[in-house]
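Please read it alongside the structure shown next.

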Amino acid sequence: MLSHFPITDRGSAFTDLLLEWIDDPLLLVENGAVVAANDRACELCGRSRENFAGMPMGAAIDLLYHSAERLPESIADTADVEVHRLAVEGRPYQVAVMRLPSVLTIEESLYRRVLQRNFDAYWITTDEGRFLDFSDSYAELTGYTAEELRQMTIGDVDHEHAGWQIASRVSSIRRAGFDQFEVRQKVGECRFMDLEIRLSYLPRAGGHVVGCVRDITAIRRAQSEATRSERTLGIVEASMRLARTGEDRKALLDGVCAAIVDIGRYPLAWIAVPDPGEPGLVRAEAAAGQHKEYLDEAVISIDDTLLAPRAEGDETEPMAVCNDFASADFAPWREQAIRHGFASSLSLPLKSGKKATAALNIYASEPDAFTEDDIRALAQVVEAIELGLEVASKRAKQKAIEQHATDWDDSFRAAFEQSLNGMVVYGLDGHILDANAEFCSRMGYTRQELLAMHMTQIVPPEYAPVFSERLAAVGNDGFAAFELPHVSRDGSVHPLELTCRTYAYGDNQIVLAIVRRPDQPAQATSESVQLAVQASRLGLFDWDLRTNKVVYSNEWKALFGYGEEEIGDDFGEWELRVHQDDVERMVADLKAYLETRGRGYEAEFRMRRKDGAYRWILARGAVLYGADGQPERMLGSHADITDRKRLEQQNWQSRKLEAVSRLAAGVSHDLNDLLTIINGYSELILPGLYEGDPLKERIQAIREAGERASRLTGRLTGLSPRHLGAARVVNLNSVVTELEDTLHRLLGEGVVLETNLSTVIPYLRAEPSALVQLVMQLAVNARESMPEGGKLSISVRVARTLPPHMSAGQAATGPFVSLIVSDTGAGVDEETRLQLFDPFFHRGPVHSGNLALPAVYGIVKQHGGMIAASSDPGKGTEFQVYFPLAEASPDAAPEAAGTPAPNAGPRAAILLVERDPALRRFAAEALRASGYAVQETSEAGEALLYAESHPDSVQLLVSGQEPTGLDGRKLAERIGEYQQGLRALWMSSEPPAGPGVVVKPFTPAELAQAVQGVLSD
C-alpha cells in the first residue's frame, strides 16, 4: 500500500516521483478530479495525460476497467482498482491504482530498482514458475529474447542441467519463504556458469517468487585454482618424499601413482613401459586408482605413446595432452577409457638421458582437466621421479663398490691415508669417489667437497677435453701416466703428474691415481705401507668355533678402551657389546656365512666402548675348516669406521639436499607465480564487498588458503640454493639481541629463554634475513619439543677450532663463529638424530616440521658453515652451528627507501614485460588500480619496439628476470638507450626483497610500494 511508505517529498516533486516509480496504471485525484496520470494508465487507455486532466474520478476508473477488458482474459478477470488516501502538506489526495497480476505491485516496483542495483540479474515468477518480470541481464545470460522468456517457465531454461533444480525450489518456496542455493547453468552452446540464486516469496497477487542471480564463476574458478595448487603441491611433496625409497623402483613408481590419485583426486595414474612379452605394445609397470579392468582390457601400442622412437632432431613437445576423448577420432583404447568414465588424459615422459624409457599417464573424469599450469606443475612430479631413480642408481653403484671392494682392506686404507703422495680414486665417468689427506691438502678442498666434484673441475677449462681423452685411455688400456696443470681452490695453477691404474670392484671399474709434483721423488712403497700398517689400529681376533673361545689382540681391546686384562676369552665379550638393534642381524649374518661356506665374511655394526659410546665397526674374517670339513676357527679383524660412516652420511645428506633443492627451486618458482595471482586478485576483490556479504567470507577463505600455501613455498625456498648477493658482514650478537623480544612472544610463558653472548665480537658474512630465519626455526623446533614448558638456551661464541665430532673431513682450523641452541625438551633417539636434517624423514610430534630443519641445514651450508645435533631421549636436544669468522667490520646496512605519499606528484608510465599471461594481467590491473599508465607485453622484442617508437615515454620497467626472448638485465640496458632515466623493478621468486626487487607472491599493495620505492630512490 502507498500508505506504507513515508512521504517526505513536497509538491510537484512528490507527484513526479509517484508517477515515475509505480508500474501499475495510476491516477492522482484532488477534490474528486484527476490531476495526473502515469504512463502505464495512458498506455492502457490510449489517452494522453492532458486528456485525463480534470476528468471525474468515477469516470476515469470506469475508463480503466473498460480498457482492461481488452487485455488477456486471465488478466482482465482479476483486474481491480484500489483507492488510497494521502495528505501532503495538509492537502488531501486520492490515489487510484489498478492491480494487474502481470505487472508489479508498488512494493515490488521499489524492490525491482534495488535488485537492479545490487545483483547481476533477477527474475520474478508466479509460484508455478511462469515469468512475470526479469532483468535485461537475465535474458542476456540465458540467451533467450524477452518475448521468448515471457512464454516460458523457469524450468524451461536449461532444463537438462539446472532448470529442473531451480523449478523444484520455486515450487517449494511458499512454505519456507526464503531459499539460497548454487547451480551450474549452461549458457549458449558449450559454456557453463556457476550461479548463486536467492529466492524470496511475496504472497501478494496470487503469490510471486523473486529470484536474485549472481555470477560466481570467477570465485569458484579461483577456489578451484587454490585447491588445485594445494593438491599439486601435495603431490610434489609426496613425490619428493618417495624419492628416498628409490632402491626399489616399483615401490617408488607405485607410491607416486598412489599420491596422484589420493592427493590430486585423479581417478587413474599409471606408468607405461614397453612390454617385453608383446613387442610393439606397452604394459603398466605401476598403477593406482580405477585401473584394473581398464588396463586389463586396453591394448595400447608403442606408436600411440611417447615411447615411440623419434627421428633425429625431432623437436616435438615431449608430452601428450588429450582434453576430450569424445571429440575426435581416437584409438580404440580411448573408447574403452570413455566406457570406464575417463574424459581426458595427460602423458609425460620419464627419460634416461635423452631417451624416453617410460611414460607417466594421468586420467581425469572431466574434459579440459589439464591446463598449462597443471601440466607445468605435474612435470615437477616427473622430475622428482627421475631424481629418485638417479639417486637410487648412484646409491646402488656406491653400495656395489663398497660390497665388492674385497682388496680395499684396512691395511690398504691406512696406506692410502698415510701416503706422502696425493691419491685420488674416481670412476670411469670421472666422478671422484675418494681422496686422501695429501691430495685434499694440495688442492685446497675438503674430502666432502671433492666427493661432489668431477675430475674435469680441477683442471683448467681448456684442458678438460685433454683430460677426457686421458680418462678414456685409462679405461681402454688399464694404465696411463701423464702430466696436466691443475687448479687449486684458491685459483692457483700448478703442474701435477698422474699415474693411473684401473681396478675391478665387482661389476664396476675404478681408477686409482697417484698424484705427484714433477720435481717430487717417489717414496719407498714398502716404507709407506709399513707405516700405514702400524697406524691402522686394527683389532684382530681368533675364534675357536668348537669351544666358542676367542683370543682378542691387545689392539682389539684398546680399540674399545679396555686394558689387556679387562676382556675375557669368550665370544660373549663381543656379542655383549654389539648394539641391541644390530645384534640379531649380526648373529644371523655369521650363521648364514658359516652355513654357506662363503669366501669371506664382512659386516658392519655398532659396538659399545668402555665409556658407553657406540662406534661403527667393520668386521672381516675367514674360516679355517678341519679334516672333517667342519669349520674350526675364524680369523678376522675389527676396524673403527665411525668417521667414514659419518662422512658417508654427510655426503648422502648433501646429495639428497642438492636433489631436493633443485626440485624445490622449480616448484616454488611456479607456485609463487600462481599464488601471486590467487592472493593478488583476492586482495583486489575484498575491498569491493560489503560487510555481511557471503562472498567476502569465501574470498577471505581463498586468501587464507593462499597465505598457507605461501608459507609452505617459503619453506621450500629455504631448501633451494640462495644467491647471497645481499650478504654482508654482520654481528651475530646483534642478531640474537634484536630477536629476543620476538622469541619471548613466540616461546610463550612456559619456556624460559636464556642468551649468552660472545665477549669477542662474532662477525660473519651472511644474509641477515637468513640468519633470522635460522634462529627462529631452531627456536620453534625447541618450543615444539617442550609442550609442558622448559628452558631454551642460545649461546654465541668465537672458537679457534671445531669440536672433534665435527672436524672429520672438514677444515678444522678456525677461527669460527658458533651458535649453540639447546633445549630441555623430550629429546630424540640416535636413529632420529641422524635423520633430523633429512627432508624425507617424518619426525612425529617432537620436531614436527618436516621442512624446517632441512631448511636450517640448507641455510648453514649455503653460508659455508657446519651444523651438528646431539640429543638423548628425555635430556633435550642441542644444535651446534659453526660459521667462518669474518675479519672485516660490519657493512653498513642498506637504507630503506622511503615510501612517498600515494598521490605525491604525477604517476609514472610503466612498461610491464612478463611471459606468464595470467601473472601479467594481474600485475597490470594492480598497477592501473594504483593510478599508473601501463603498457604490457610478454615479448622482449615487442618491448624494445615500443621503447624505440615511444622515446622518453617510460619511467619504469617492471619485468620478470627471464622474459621471453632476452635476459631481463640486458633488456633493461637496451630499453634504457631510448628511455632516459629508466628505472627497473624485478619480480623475483627468490628472496630476499630489496631495492629494485619485489618477491612473489606479492599483493597489489606490496607491488605498488615497491614501485614507489624505486621511483623515489
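What share of the contacts in the protein with a separation of 6 or more is accounted for by residues 24 or more positions apart? The share is 59%, where contact means heavy atoms within 4.5 Å.

## Basis of the values

This is a predicted model, in which local features need pLDDT of at least 70 and side-chain atom pairs count only at pLDDT 80 or more, while totals for chains, interfaces and linings use all residues. Residues are numbered from 1 along each chain as its sequence is written, and side-chain values use heavy atoms, with hydrogens and water left out.

## Overall make-up

The protein has 33 helices and 36 strands. Both are DSSP runs numbered from the N terminus: helices are H or I with at least four residues, strands are E with at least two.

Of the 1017 residues, 47% are buried. Buried means under 20% relative accessible area, exposed over 50%, and partly exposed in between (1.4 Å probe, protein chains only). The protein exposes about 49,200 Å², and 50% of this is supplied by carbon and sulfur atoms; the areas come from the Shrake-Rupley method with a 1.4 Å probe, and for residues only the protein chains shown count as cover.

Four strands form an open sheet in the order 2-1-4-3, with antiparallel pairing. Two strands pair if DSSP finds at least two bridges between them. Strand 2 (33-37) and strand 3 (80-88) are at the edges with a single partner strand each, so one side of each has no neighbour in the sheet. From one strand to the next the twist averages 30°.

Strand 1 (residues 26-30) and strand 4 (residues 91-99) run antiparallel and are joined by four bridges; Leu27 has Ala96 in strand 4 as its bridge partner. Helix 4 (residues 57-68) lies across strand 1, strand 2, strand 3 and strand 4, at about 15° to strand 4. Axes are lines fitted to C-alpha atoms, for helices over the stretch in contact, and angles run from 0 to 180 degrees between N-to-C directions.

Six bridges pair strand 20 with strand 24 in the antiparallel sense, and Asp542 stands opposite Leu635 in strand 24.

## Helix 22

Why does the span of helix 22 agree with its 17 residues? At 1.5 Å a residue, residues 580-596 should span 24 Å, and the end C-alpha atoms are 25 Å apart; the expected span is 1.5 Å times one less than the number of residues.

Asp582, Met586, Leu590 and Tyr593 are buried in helix 22. Seen down the axis, these buried residues fall within an arc of 70°, so they line one face of the helix; the arc is that of the directions from the helix axis to the C-beta atoms. The face turned away from the buried side carries exposed residues Gln580, Glu584, Lys591, Glu595 and Thr596. Cover for the buried residues includes strand 20 (539-544), helix 21 (572-577), strand 22 (601-608), strand 23 (614-625) and strand 24 (631-640).
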